[in-house]
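Here is a friendly tour of one model, from a helix pair to a sheet and then to a cavity. Please keep the viewer open as you read.

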Amino acid sequence: MSFASYHRRLLMFTALGAALLSPASCTLVEQRIDRTAGGPNGPADTVVHMDAASTEPSDVMATPALPPGPLKVTITEAVLLCLENNRSLVVQRLNPSIRQTLEDQERAAFDPVIDAGISAGRIEGERLAESRSESGDFKTDAAEGILALEQYFPTGTTVALAASTQMNAASIYDDRLYSTRLGMTVSQALLRGYGTEVNLARLQQARLDTRMSEYELRGFTEFLVAEVERTYWDYALARRQIEIVEESLNVARQQLSETDQLITVGRLASSELAAVQAEVASQEQALIEARANKESIRLQLLRLLNPSGPGFWQRELELIHQPTLPEIKLEAVAMHTAVSMRMRPILNQARLEILRGDLELVQTRNGLLPLMDLFITIGKSGYADSFGGAIANINQDSYDALAGIRLNYPVFNRDAKALHQRALLSREQTQKILENLSQLVEVDVRTAYIEVDRTKQQITASSVTRMFDEEKLRIETEKLRVGKSTSFLVAQAQRDLLASRIVEVRSLINYLKALIDLYLQDGSLLERHGISAPGRTPVKLSKN
């Protein structure tokens, strides 16, 4: 057989071996990994969806079309627009999918690996003849092909299957020598690296990291929804504040006109005019500030909603829902704290960190053991003067076998001991962090609960203050008309009334915002809006 012909057959043998060996990494390995690691890799949960039926009637809750002109939105439509269009949320939604790629990366440790190689060469030179009195030319042709399939199993077992063939042809011999070998090597970890618990720990940690990113997405979504609601009510307050200041400015201008008339008829001194003029200027200044504040909040709300269409920065906003006192009976504060212990994303992330630390302990504890591997290698070989004969003769008596144990253990094993000690301390630290966070969350919930009660009481108190300020202004105005008061006292009464009217509206807004903050702190904000988001299932820790 020519060297080129053998080369072609060697390529065919290599391709055939690859086709036969690849299925050896059977799906049973994948199924066992899935059973041990808690199931197959599923797609990361990145869906944030609002259940329309649970919040408002369907005719209002359909995703609002955005015609040109002012953007008219209810509070729920504002939340819907934000969940669909907010760019920060779009960025955050990618994190779980990005984090999940680490699962496939860890799973790759158990993927079969194919190793193939082919080589051919020729040696030409001189050698001593048998008489050793003269030298002669020689030529040696050699070719080799090998195909191997190796896979590491979660039990700590490594299995390698190999098929190889060689050809040697020397000019001093008449025949070529062909050899073919099929072999298998099995290596089993007996101490370090033994068992599915330690070998699948990194995959399980990667899955916990994916779940943590889902709770991060939930926490961001909660904050975003709360920010939309707060900004919505701030915008309502800003618009109402402009109306109040404009009304107060009109009263001040009317007062300026009346004062000017009283000065003209001699009932007031001309010095009284300065106080009224100062009040008009002060109200005009307040109107400028109120309009600027409203524009700033409008931009913030548009940024959160990110409505479609060009030039949305110039769009005006019309709020369909105006601030009204909701009829809500708060549950006991203990119920809110209990909900927060289950639903707050930051606590669930801390619990997942504890589970991750437990898996780290599994790995470091196993790392304290010596490395002891049992290995067995067996093979069958065939020899002939042709390629086909070498394959046919593989059933003959030629074989090889090797078995043994490898042992490796550092004398002091300081690296493994340090890693294990670090894992123990980190696990203890994570537990303390969870306890600290739980306490902080409870303080936040109780503080938010107190703020809800305070702001609700402030609504009644500010309403009473506003009524007295109205009466005070009416009395001072009447006294001024009969010459019993001064323009300065009237202007002061106007400023007090303006401030109390704004405080009355702000008290209602503060109460609405305090409710939002309470629901944000106890982790129930999304559920109360009918919004489904990742991380809705609380993490449970075993008592051990």
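## A helix pair

H12 and H13 cross in a left-handed way (the near helix is turned anticlockwise from the far one by less than a right angle). Helices here are DSSP runs of H or I with at least four residues, and strands are E runs of at least two, numbered from the N terminus. This is a predicted model, where local features need pLDDT of at least 70 and side-chain atom pairs pLDDT 80 or more, while totals for chains, interfaces and linings use all residues. Residues are numbered from 1 along each chain, and side-chain values use heavy atoms, without hydrogens and water.

H12 spans residues 414-481 and H13 residues 487-521; their axes lie 7 Å apart at an angle of about 160°, with axes fitted to C-alpha atoms over the stretch in contact and angles running from 0 to 180 degrees between N-to-C directions. The two helices are therefore roughly antiparallel (over 145 degrees).

## Strands side by side

Strands pair if DSSP finds at least two bridges between them. E6 (residues 177-189) and E8 (residues 371-384) are antiparallel, with 12 bridges, and Gln-188 sits opposite Leu-374 in E8. E8 also runs antiparallel to E9 (residues 399-408), through 10 bridges; there Ile-376 faces Ala-403 in E9.

## Lining of a cavity

Which residues line the largest cavity? They are Ala-252, Gln-255, Val-276, Glu-279, Ser-487, Val-490, Ala-491 and Gln-494, lining residues being those with an atom within 4 Å of a point on a 1 Å grid where a 1.4 Å probe fits but cannot get out. H13 contributes the most, with 4 residues.

Key: Parallel < 35°, antiparallel > 145°, perpendicular 65-115°, else oblique. 1 Å grid on protein atoms, 1.4 Å probe; cavity = no way out; pocket = protein on both sides within 12 Å on 5 of 7 lines; lining within 4 Å.
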